[in-house]
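Thanks for coming. I will take one structure today and keep it short. Please have the sequence and the model open.

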Protein chains: 4
Amino acid sequence: MTYNSNTAVLLLSCPDRAGLVSRITHFLFERGGNIVDLDEHVSSDEGEFTIRVAWEMDNFSISKEDLKDAIAPLAKEFKAKWEIHFSEPAPKVVIFVSKFDHCLHDLLWRYKAGELNCEIKLIISNHPDLEPLAVFYNIPFYVFKISKENKVEQEQAEQKLLQENEIDTIVLARYMQILSDSFCSLYPNQIINIHHSFLPAFIGGNPYKQAYKRGVKIIGATSHYVTADLDEGPIIEQDVIRVTHKDSLKDMVRKGRDLERVVLARAVKAHLEKRVMVLNKRTIIFD
Amino acid sequence: MTYNSNTAVLLLSCPDRAGLVSRITHFLFERGGNIVDLDEHVSSDEGEFTIRVAWEMDNFSISKEDLKDAIAPLAKEFKAKWEIHFSEPAPKVVIFVSKFDHCLHDLLWRYKAGELNCEIKLIISNHPDLEPLAVFYNIPFYVFKISKENKVEQEQAEQKLLQENEIDTIVLARYMQILSDSFCSLYPNQIINIHHSFLPAFIGGNPYKQAYKRGVKIIGATSHYVTADLDEGPIIEQDVIRVTHKDSLKDMVRKGRDLERVVLARAVKAHLEKRVMVLNKRTIIFD
Amino acid sequence: MTYNSNTAVLLLSCPDRAGLVSRITHFLFERGGNIVDLDEHVSSDEGEFTIRVAWEMDNFSISKEDLKDAIAPLAKEFKAKWEIHFSEPAPKVVIFVSKFDHCLHDLLWRYKAGELNCEIKLIISNHPDLEPLAVFYNIPFYVFKISKENKVEQEQAEQKLLQENEIDTIVLARYMQILSDSFCSLYPNQIINIHHSFLPAFIGGNPYKQAYKRGVKIIGATSHYVTADLDEGPIIEQDVIRVTHKDSLKDMVRKGRDLERVVLARAVKAHLEKRVMVLNKRTIIFD
Amino acid sequence: MTYNSNTAVLLLSCPDRAGLVSRITHFLFERGGNIVDLDEHVSSDEGEFTIRVAWEMDNFSISKEDLKDAIAPLAKEFKAKWEIHFSEPAPKVVIFVSKFDHCLHDLLWRYKAGELNCEIKLIISNHPDLEPLAVFYNIPFYVFKISKENKVEQEQAEQKLLQENEIDTIVLARYMQILSDSFCSLYPNQIINIHHSFLPAFIGGNPYKQAYKRGVKIIGATSHYVTADLDEGPIIEQDVIRVTHKDSLKDMVRKGRDLERVVLARAVKAHLEKRVMVLNKRTIIFD
């Protein structure tokens with residue numbers, strides 16, 4: 001579901017009223033924009049209109065630079081929340097990891113296979129262990145060891161590196177450190193985490209152990225945007241797998257790894273393709 | 001995903017070209033139609049544009065009667081295949097059954113629970129066994145026993161009954177007779193069957209026995225439109241469930257019943273909500 | 001996975017040690033018991049041995065009446081927790097309901113279809129609404145209206161009725177009253193409830209609304225034994241289904257009904273076939 | 001579900017009769033074998049008894065070398081088909097690949113993570129492309145280019161290499177060549193293939209294209225033992241994923257890769273843990 005040519009994507013939400021789709025599509029049509037994808041929905045519970053529309057920029061009469069100004073009056077009239085994205089240049093991504101390697105393996109393999117429309121600029125870790133994998137895929141690898149004492153300055157150094165690389169998407173691929181609130185607030189709805197439980201069940205540490213003790217018959221994984229409230233950010237994707245009493249805690253961890261990597265990958269892919277919109281702490285996932 | 005008010009639905013497909021969405025939505029907007037749902041897609045493999053758009057008829061300036069003529073020029077210009085449907089009056093449905101009762105139970109319960117936007121006018125069977133269930137739900141029940149000798153005339157009698165009741169949707173809820181080609185041709189893409197296998201695996205008779213013998217680890221059910229080619233009609237919905245070597249043939253049949261009823265119900269619901277479009281022997285399911 | 005003949009089932013757990021399986025099977029073999037099913041497991045985390053063994057009673061040299069005494073010395077030696085059950089007579093079941101009918105419909109249909117090895121003796125409700133369904137299936141239906149004032153005496157009347165009918169399994173099929181602790185304690189691991197969420201997520205009231213607000217991508221249902229701690233009882237079965245932002249709260253409720261009925265039915269079936277053993281607040285489900 | 005110590009596994013099937021479990025477990029107990037896992041089943045359809053029993057070899061009075069002779073009389077009496085396996089030394093595995101790398105990546109990562117109880121001795125390919133991956137994991141990589149002309153002699157060279165490495169399990173990880181019948185017959189139930197469809201649907205070439213054209217709503221992958229009949233070997237594991245009309249053929253291939261790797265990995269793991277028994281062209285998977 002990626003596009004062949006240079007496209008723009010508008011994500012917009014506003015209170016529902018007559019004519020919204022027509023007004024928006026007409027606006028694009030009049031300016032030479034060929035729509036390649038459109039998905040809209042009006043929630044019956046809140047009466048909120050949401051739309052994702054993608055169109056080719058090739059014969060579009062407005063330049064990327066002028067597009068925001070051109071759309072602003074329409075959006076203002078609709079009292080809308082909205083974002084504009086372009087398929088090119090591809091989003092610039094950093095992956096944060098610690099010692100667990102399954103999510104990193106998976107993301108890098110997908111990246112090389114062409115599944116992820118982005119440029120993975122660098123990998124940051126608080127441990128040196130996974131550097132050989134970064135080398136295999138030829139991606140710069142930086143180690144920032146984190147302690148209570150140096151956390152503030154290390155995060156500042158990381159942020160500087162991110163800015164230099166014009167990073168717009170941060171993927172926490174089982175990164176075992178908690179980013180500070182100030183770090184999180186710099187990248188709203190741009191930091192994607194994978195939590196190894198079916199949220200909101202088993203918030204916090206050792207979710208597999210919690211699941212084992214509760215005796216659930218299904219375990220899950222959840223990918224979400226990172227906010228200041230730990231494990232409370234908007235959920236992007238979840239999936240589950242069955243377990244039985246024959247599964248030891250170690251078996252759960254093993255089965256969970258298979259979940260974590262696909263759930264994180266699907267969330268990252270949806271985010272990179274601009275299919276995710278955050279509304280009232282929930283996500284709209286356009287497909 | 002049903003609508004609160006009187007709505008019209010346009011299903012349309014045509015070769016892709018610039019401006020299709022804009023032209024269609026503008027057509028509706030100019031005539032006072034408030035769009036409540038729109039889903040479109042361009043297949044990258046065939047370059048085929050497909051759209052489903054639903055709008056409220058309340059302030060729409062064109063009457064139901066005149067709508068086809070009003071859209072025809074646009075559709076002709078697009079070289080489109082298209083259909084128009086209205087949420088009211090609700091589609092009129094007949095259910096065909098034999099002796100298995102699980103799908104009938106399920107459909108009637110959903111009907112009564114308000115899940116299915118239709119009017120179930122009658123139930124037809126080649127056996128009298130399920131009449132008490134029809135009585136419980138207060139729906140007329142007719143028995144047409146079928147033999148080689150009387151099949152032609154019995155089908156004609158059934159067709160007469162269907163015409164008198166203005167039936168537009170036929171649901172075969174584990175009906176164990178094969179409708180004649182001429183019967184099928186009277187109701188193109190209006191007859192919905194449930195086949196108790198994951199088609200195209202295990203076409204024909206005794207699919208659970210075939211599945212048992214092949215030693216599959218997953219069994220399925222498939223709901224499809226009925227065409228002259230048995231089990232080859234466009235697939236509307238499928239689902240599956242795990243089996244193990246501990247499942248006897250009888251266990252497979254039992255597990256399969258749970259599949260059959262939900263798969264058939266989902267297919268019927270999608271059909272009744274006009275979310276299904278047949279294109280090149282495949283279905284587009286708008287969600 | 002039901003048995004054709006009169007069988008006994010031993011459920012036993014104890015600290016692991018050498019020779020347990022051999023000792024148990026030899027005990028049965030020497031007394032003429034033909035084993036038809038045996039599943040055992042040693043948990044690597046706790047070192048706990050659990051076994052379920054079923055054998056035919058036809059040529060077994062010990063009578064039902066004497067079996068407990070005969071096994072007791074062995075069990076004592078193993079320091080085991082254990083239960084003995086017989087396939088005949090079938091367990092006697094009561095179903096409690098309120099106004100929601102989907103679980104009751106499902107259970108009664110399965111009962112009639114021969115899926116549940118039990119005798120459903122009666123249905124108890126705090127509302128008269130579902131009596132016609134009980135009549136359709138020819139099962140006695142009793143109404144006990146519950147208020148703050150009369151709860152104690154009404155429960156006592158219910159318990160009297162249960163005792164008269166020799167009930168050993170209570171199924172709460174979306175029963176909207178909370179049984180008192182004293183009621184629960186009379187039937188340890190014999191009361192089966194269905195909760196309409198993926199426990200431990202969304203404990204308490206309105207779980208679908210909670211799920212909707214949290215924006216989860218998957219909803220679930222959980223069947224568990226009822227204990228004094230609400231929604232904290234040992235989990236017997238769970239299952240899930242995907243939802244999207246297009247699903248309204250009403251859609252979630254509708255999708256959830258399909259989950260609730262199959263999850264409850266699977267739990268009841270496992271319980272009736274004596275495949276469930278409670279250990280450390282978790283269940284072992286022998287398959 | 002791997003064992004901590006040196007264990008033996010007996011897989012046995014025979015016509016059901018009284019006392020089988022008791023006789024087998026007593027045989028082991030008398031010789032000092034502590035049973036760590038036992039799963040048995042009697043199929044109600046064929047009356048076939050199957051058992052998998054695993055016991056610790058540490059205090060067992062019979063040596064590995066003498067075990068077959070010791071069990072033979074019992075097995076002969078039961079008219080049984082049977083196999084004995086030992087957890088040590090670990091099975092020796094070769095992986096065959098072509099150019100697709102997803103299954104190889106996955107297997108090697110699991111191997112390194114300790115999920116697969118085996119020794120991957122070498123990787124064989126008909127193309128040099130994946131050598132860097134073998135180098136990364138430090139596993140010998142051999143290229144045998146295959147043409148019509150050289151196939152016989154190349155297979156002989158491969159077989160020589162396999163014999164030198166004492167290979168007992170061959171994994172075809174999207175290997176695009178068909179092994180000759182004589183090759184297959186050398187390794188009965190020891191060659192594991194992954195087919196990228198839900199067999200028996202879409203046998204043969206281009207299954208994703210077949211699936212796309214048929215318009216199925218679910219695609220699958222199947223891992224099976226290789227026999228002389230292509231795609232007809234006993235099925236070890238299957239899994240599925242949903243697709244919609246929005247998925248292009250390319251999307252199906254992408255989604256399918258995620259299936260293929262987990263399905264193959266689960267099949268390989270079950271095989272290596274000696275949980276698979278072939279009976280009447282079907283597999284029994286002990287869990």
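This is a predicted model: local features need pLDDT of at least 70, side-chain atom pairs count only at pLDDT 80 or more; totals for chains, interfaces and linings use all residues.

Residues are numbered from 1 along each chain as its sequence is written, and chains are lettered from A and ligands numbered from 1 in the order in which they are written.

The sheet first. In chain A, seven strands make an open, mixed sheet, ordered β7-β6-β5-β8-β9-β10-β11. Strands (E, at least two residues) and helices (H or I, at least four) are DSSP runs numbered from the N terminus, and two strands pair if DSSP finds at least two bridges between them. At the edges are β7 (141-143) and β11 (235-242) of chain A; each has a single partner strand, so one side of each lacks a neighbour in the sheet.

Within it, β5 (residues 92-97) and β8 (residues 169-172) of chain A run parallel over four bridges. There, A:Phe96 sits opposite A:Leu172 of β8(A).

Helix α3 (residues 102-113) of chain A packs on this sheet and touches β5, β6 (119-125), β8 and β9 (191-195) of chain A. Contact means C-beta atoms, placed from the backbone, within 7 Å.

Now the chains. What does chain D bring to chain A? In contact are 11 residues of chain D and 11 residues of chain A. On the chain D side, α3 (102-112) and α8 (249-272) each supply at least two residues, and α8(D) gives the largest share, four residues.

Notes:
Two residues are in contact if their C-beta atoms, placed from the backbone, lie within 7 Å. Axes are lines fitted to C-alpha atoms, for helices over the stretch in contact, and angles run from 0 to 180 degrees between N-to-C directions.
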